[in-house]
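The sequence and structure come first.

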Amino acid sequence: MKGSSFFRLQSKHNKCQQQQQAKSQKHLIIQSWQLKPHTTIYRYLSTQLMDIREKMMSLYILLANHQQRSSICKFSQTTMQSHQHKTFQYKSEIKLNNYQIMSDYMGPLAFQPVRTERPSLLSTDSDHQNYRGFINLAFMILIANHIRLILENFIKYGVLFNNMFSIQLGPSNTGQTLSAILYLAFSILIGYGLQILQFKLNINTGIIKLLNTINIGLTFVIPAYLIQGNHPSANLILLAIQCVYVMKLISYAHFMRHVKLNLIRLRLSKDYKISEQEADAQTVTILKKYLNNFDYFLDFKHYLYFLAAPTLCFQLTYPRSKSVRKLWVLKRVIEYLLVSAFQVIIWYQYVEPLLNNTYEIVRDDPRYVRLFERLLKLSLPNTYLWIAMFFGGFQCALNITAELLRYADRQFYKDWWNCKNLEEYWKLWNIPVHHWLVRHIYLPCLKSGLSKSTANMIVFFISALGHEYIVSASLGIIEYWAFIGMIMQAPVIQIQKKIEKIFKLQNSQLGNLMFWCSFCIIGQPILIFVYYFRFLEKLNK
């Protein structure tokens, strides 16, 4: 009995110890859950998910081996890879201050964005400058603004350029206009005849020079007098052609005079050497070869070729192309017709109504603010008209003439749109006229002993007279604003040079912006207003 009671007490004691241990374990589990509930539950669930995935993997493998399904095998491989990747992630967890940190991502000590010296993209110091998006934006704004202007003009005036056929564009006095054209042709023949007198009859070069001066002077005056009373557009075209052939006559007379003088020197002394400043090597070779054959220098066909060629400087030889590209000529003709139609539309649809309204507004309310507003409004169509005139004249008309005559030198202009000042513009804008002024005005002035500044002033003076002559004579008025605008550019150019040196603006775009502003916004619109108002006053009288 005692032994059995002892065993009973011992079993009860063991049961009590087991119950106490279980309670302590439950208490510890509860404490651990209370201390770290997220980590404990997360690990428990992750272990359960891993067991479930391992069982599913074994099931899929059995199915794949039994049914031989490649798709299930591929799926099992991908799931194994993802399972291995996630187990690796679980193992890569790091405990730091009771927080979990994924080692695959950088912390604030690793991610330090400010490391080197870097300029802003819009700064001039930046190596990567791409403004294509801004250019696209400016282009879209320009299109939207132009569509608005077109709609505004259409609502206000309707379609006006269909009435241009009722406006007299051609000469009103056909007889006098034909007389002016015939006299121009007659003066061209006189210029050739004077050279025959100089070479064949050995008339003094001084007398021939005087006769050429009289012939060229009359060529200026008589055609301009005969075409008065015609439409200004017809007069403008005729006077431009007249100035071209007057410059050709001057070049021909000037060149042939020097040819005659050098031939006389070579005849008097066979040892006479012509300097490089007097004639180039090719011209010297021709002079020596045809020393006793004046017919070569008086070739009438070559004279006619010079009159038709797109150049103002006479030479004994010109570079020639091999053939005429007919399809190329046809393309240029189509371009010229389209550009000409564009100019007519711009003038009669936009410029002329604006000028007429401005004339009425300024006469009733002559305030500078209103005039400046009309000036800005005219600047846009004026710019388009000017660029269209340049493209039609220099790119289309001169290239068509050069291609038909197989004239090889097609550099009629350079990149004047990138000029930094007015001096660069006049050198790049019209290459034939620039070469003519340098050859027949500027260099002779320097040879006579004048300074470069004086020679430049003389060049601008003659250019100003030519511009004033064409504008005033075509309108039938006498003004001086175009002359003043041209002649004042000479001192402005000198001021611009000094400013560029002082502020080091040689490579700056400020000069180009000033050029576009002075020509398209201020200079040309003001001259158009002045001369058109004077023309309207003449008509009203």
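The notes below give the basis of the values and then take up each topic.

## Basis

This is a predicted model, in which local features need pLDDT of at least 70, side-chain atom pairs count only at pLDDT 80 or more, and totals for chains, interfaces and linings use all residues. Residues are numbered from 1 along each chain as its sequence is written, and side-chain values use heavy atoms, with hydrogens and water left out.

## Second largest pocket

The second largest pocket holds about 1000 Å³ of space. Its lining has 36 residues, and Phe 255, Cys 313, Gln 315, Arg 439 and His 440 are the closest to its centre. Two or more lining residues come from each of α7 (232–268), α8 (281–289) and α13 (431–447). The largest share, nine residues, belongs to α13.

A pocket here is an open set of points on a 1 Å grid over the protein atoms alone, where a 1.4 Å probe fits, with protein on both sides within 12 Å along at least five of seven lines; lining residues have an atom within 4 Å of a point. Volume is the space filled by probe spheres set on the points, which are joined across faces, edges and corners. Helices are DSSP runs (H or I, at least four residues), numbered from the N terminus.

## Helix α10

Helix α10 bends by about 40 degrees at Trp 347, the angle being taken between axes fitted to the seven residues ending there and the seven starting there. Its buried residues (under 20% relative accessible area, 1.4 Å probe, protein chains only) include Val 329, Arg 332 and Tyr 359. The buried residues of α10 pack against α4 (132–157), α11 (368–404) and α17 (510–540), with contact meaning heavy atoms within 4.5 Å.

## Asn 512

Asn 512 is in helix α17 and counts as buried because its relative accessibility is 10%. Leaving out residues up to four places away in sequence, Asn 512 touches Trp 417, Asn 418, Cys 419 and Lys 420.

Conventions: Buried < 20%, exposed > 50% of the residue type's maximum accessible area, 1.4 Å probe, protein only.
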